[in-house]
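Trainee: I am new to this structure and would like to know what stands behind the words used for it. Could we go through them one at a time?

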Number of protein chains: 2
Amino acid sequence: MRDFLPADKARRERVLSVIRETFLVHGFDEIETPVMEDSSRLHAGLGGDNEKLAFGVLKRGLTPEDLAVARDPLELADLGLRFDLTVPLARFYATHRTALPSVFRSIQIAPVWRAERPQKGRFRQFVQCDIDIIGEAGPLAEIELITATSAALDALGLRGCTIRVNDRRILICLLNFWQVPAELHERALISIDKLDKIGADGVAAELAALGIDTEGLADALATSGWNLMADAPPWLDRDAYQSLIDLRTAVPGAELVFDPTLVRGMGYYTGTIFEVAHPELGYSLGGGGRYDGMIGRFLGTDVPATGFSLGFERIVDLVELADKEEADAVALVHDRKADPATLVALKTQLIAQGKRVRLEPRTKNTKTLLDQLLASGFSHFAFVNDATTASELELRPLAETRG
Amino acid sequence: MRDFLPADKARRERVLSVIRETFLVHGFDEIETPVMEDSSRLHAGLGGDNEKLAFGVLKRGLTPEDLAVARDPLELADLGLRFDLTVPLARFYATHRTALPSVFRSIQIAPVWRAERPQKGRFRQFVQCDIDIIGEAGPLAEIELITATSAALDALGLRGCTIRVNDRRILICLLNFWQVPAELHERALISIDKLDKIGADGVAAELAALGIDTEGLADALATSGWNLMADAPPWLDRDAYQSLIDLRTAVPGAELVFDPTLVRGMGYYTGTIFEVAHPELGYSLGGGGRYDGMIGRFLGTDVPATGFSLGFERIVDLVELADKEEADAVALVHDRKADPATLVALKTQLIAQGKRVRLEPRTKNTKTLLDQLLASGFSHFAFVNDATTASELELRPLAETRG
């Protein structure tokens with residue numbers, strides 16, 4: 001978990017603002033849920049491995065006797081910090097469905113928490129930017145999600161991103177062709193998910209170790225592209241593949257790459273799955289897919305749903321936003337002993353003129369101070385004292401003085 | 001803890017944005033800290049009664065043996081959710097001091113958590129808007145905080161607010177005059193804090209029950225105003241009172257009311273204390289004061305500090321912001337069977353023209369649907385189908401159609 005100092009915080013807020021505005025323009029609506037959910041909901045089997053990483057929140061008013069009889073720490077936690085924004089969204093939709101449009105497009109831009117061991121690039125508190133469409137069973141959902149996400153990446157200046165797409169049905173068809181028993185599907189998918197690390201032969205070897213005859217599997221896993229329909233490989237779910245071709249046609253603004261080995265970890269996906277790849281990075285910037293069965297777990301009746309989640313922490317490090325214009329940011333450098341009322345009166349007059357103003361006590365090393373002010377985004381400064389009046393205030397450009 | 005639906009969420013974001021922008025213009029810088037702090041820090045005696053309301057976060061990897069030997073639930077929690085933004089700020093400043101300006105003006109706009117029993121108007125997760133000035137020992141800090149807070153209230157259109165001010169030194173002087181022993185000061189202040197509820201005579205009676213001779217106390221507690229210097233009541237700390245008079249002179253933009261019975265609950269205040277009163281409300285909208293000793297608890301050396309916290313949840317209910325202009329929000333009402341690619345192409349063209357666009361499936365009751373779209377902030381709509389082209393798209397104003 002990290003602190004954010006002013007420059008970092010300002011940068012994060014600006015990137016979030018670009019993402020939020022893009023999603024709003026694309027017809028999505030922002031919502032918010034509490035950071036804590038009922039523990040039973042966080043451990044309902046919908047969060048995959050992330051459930052194990054949920055921070056538990058102690059029940060209030062526990063007595064020593066409660067502790068003595070508890071066998072499992074989970075018995076002492078009735079709440080937990082959310083580990084993703086999908087489980088809370090499903091609960092939110094089930095609660096508020098009647099107050100929402102028949103097709104509900106949500107934006108959630110918010111922190112989540114996972115009790116990971118500290119390591120480079122992994123944080124225990126991090127922000128996700130999720131958009132979801134609930135109530136749309138057709139491909140319109142996938143098209144809108146990918147279009148809005150691509151627009152957000154464009155607005156941030158992240159060029160060259162591609163969207164890897166696959167369909168859970170293609171994966172299942174592939175596993176069935178190699179006669180992987182249903183009870184081994186999850187283990188097989190975990191192996192396929194490691195393709196980047198261990199290669200197609202490595203995956204085939206892992207499946208062979210499970211007793212599966214994998215002849216030809218490595219070739220299939222190396223297959224990709226949009227021309228498979230003519231070859232019609234027998235492991236390919238042709239309907240699902242055609243729907244991906246249609247999807248590609250409908251989103252000309254994004255480059256879609258078919259990857260039959262894309263797995264996405266979460267077991268709740270039922271159809272299309274996708275992931276954002278950046279040409280210079282070995283990891284994805286986000287991903288998502290269709291999860292038609294999940295809302296039904298909370299609601300009782302099935303509702304189609306599709307979502308796309310951007311990993312904000314990865315994105316914010318890549319984005320090079322043009323420095324925000326702070327043409328009107330003024331530092332009034334004053335003696336520590338100057339009359340406070342005079343200083344604040346000067347400040348108030350400049351604010352009334354539309355400027356951002358900071359009172360800055362003078363330090364021994366004026367040059368260092370002015371350098372710091374310039375680095376902090378201030379454009380002008382003036383030395384002021386008790387006798388300074390607004391009319392004689394001479395604002396000097398920091399950039400020139402600094403040289 | 002509450003969910004926020006789109007209309008509420010949009011309203012909250014707009015109010016937060018006005019507050020944030022005002023504070024930024026006044027020279028403050030926004031920072032962010034993690035929602036969890038070390039449990040030992042949350043229970044270090046700086047949070048007053050709020051410490052008891054901190055949600056504890058279970059240690060990870062606890063074994064049944066850990067549970068069996070624990071005597072106190074706190075032994076099982078190494079982290080907790082922050083109950084205010086002041087304790088995290090003190091920790092933040094102690095950690096990052098060398099990277100911050102010599103006078104650091106922070107903005108924190110963020111949720112805090114308290115395990116209150118659910119009741120009307122009390123939430124377990126709520127947002128606070130804090131500004132603090134660290135490193136300024138003189139009255140400039142109080143002047144800037146009150147000026148910026150008043151400007152934020154003005155920008156939100158909250159007219160008629162007053163700032164009740166007092167000084168901890170005046171309270172201590174008053175208690176000493178009535179010869180309240182030091183060990184009873186806290187209990188006495190708790191009584192004085194109940195003045196609103198039990199009246200000056202009630203407070204005097206409570207102190208009398210502690211064995212204190214309270215003759216004349218009720219009259220003193222009923223005293224207020226800016227003309228006490230001439231009378232020079234013997235219980236008045238004249239230096240502290242003069243500093244309040246000077247403060248009043250320096251912030252002409254806000255109406256300051258001297259109230260010698262203003263206590264503010266937190267024991268860490270050392271000088272000026274203040275509270276925002278609204279003419280129509282029986283509760284304050286925020287408050288703060290000088291807490292010069294607190295940062296030193298984390299840093300080892302004392303650093304002067306003053307802060308002002310606005311209670312966002314109370315404010316957001318009062319604010320009547322003019323409805324945001326959504327002149328360019330368009331709903332494309334379509335048949336469920338319409339071709340998705342055509343719909344998204346239309347949507348994309350309108351977005352390129354600067355509009356916000358939502359695809360809305362047609363429902364049986366068109367009138368209700370259009371009413372809902374108008375209520376959701378959409379200004380225009382069009383019925384579209386597979387054959388619609390952008391050139392023939394006729395956008396109709398929702399307000400006229402609805403009548």
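Mentor: Start with pairing: two strands pair if DSSP finds at least two bridges between them. Helices (H or I, at least four residues) and strands (E, at least two) are DSSP runs, numbered from the N terminus. This is a predicted model, in which local features need pLDDT of at least 70, side-chain atom pairs count only at pLDDT 80 or more, and totals for chains, interfaces and linings use all residues. Residues are numbered from 1 along each chain as its sequence is written, chains are lettered from A and ligands numbered from 1 in the order in which they are written, and side-chain values use heavy atoms, with hydrogens and water left out.

Trainee: What joins strand 5 of chain A to strand 6 of chain A?

Mentor: There are 10 bridges between strand 5 and strand 6 (residues 125-134) of chain A, and the two run antiparallel. A:Trp113 stands opposite A:Gln125 in strand 6 of chain A. Strand 5 of chain A also has 2 bridges to strand 1 (residues 29-30) of chain A, and these two run parallel. There A:Asp29 is opposite A:Ser106 of strand 5 of chain A.

Trainee: Why is strand 5 of chain A called largely enclosed by the rest of the structure?

Mentor: Buried means under 20% relative accessible area, exposed over 50%, and partly exposed in between (1.4 Å probe, protein chains only). In strand 5 (residues 104-113) of chain A, 9 of the 10 residues are buried, so the strand is largely enclosed.

Trainee: What makes strand 13 and strand 15 of chain B edge strands?

Mentor: The open sheet has 4 strands in the order 13-12-14-15 (chain B), with mixed pairing. Strand 13 (356-361) and strand 15 (396-397) of chain B each pair on one side only. Strand 13 of chain B pairs with strand 12 (residues 329-334) of chain B in the parallel sense over 6 bridges, and B:Val330 has B:Val357 of strand 13 as its bridge partner.

Trainee: How do you know that helix 8 of chain A is short of the span of a straight helix?

Mentor: The expected span is 1.5 Å times one less than the number of residues. Helix 8 (residues 195-209) of chain A has 15 residues, and a straight helix would reach 21 Å, but its end C-alpha atoms are only 16 Å apart. Helix 8 of chain A has a kink of about 75°, centred on A:Asp201. The bend at a residue is the angle between axes fitted to the seven residues ending there and the seven starting there.

Trainee: Why are helix 7 and helix 8 of chain A called oblique to each other?

Mentor: Axes are lines fitted to C-alpha atoms, for helices over the stretch in contact, and angles run from 0 to 180 degrees between N-to-C directions. Angles under 35 degrees count as roughly parallel, over 145 as roughly antiparallel, 65 to 115 as roughly perpendicular and the rest as oblique. Helix 7 and helix 8 of chain A pack at about 140°, with their axes 8 Å apart, and they are therefore oblique. Residues making the contact (heavy atoms within 4.5 Å) include A:Ala188 of helix 7 and A:Leu195 of helix 8 of chain A.

Trainee: Is B:Gln179 exposed or buried?

Mentor: B:Gln179 has a relative accessible area of 69%, so B:Gln179 is exposed. B:Gln179 lies in the loop between helix 6 (168-177) and helix 7 (185-192) of chain B.

Trainee: Why is A:Ala232 called partly exposed?

Mentor: The relative accessible area of A:Ala232 is 30%, so A:Ala232 is partly exposed.
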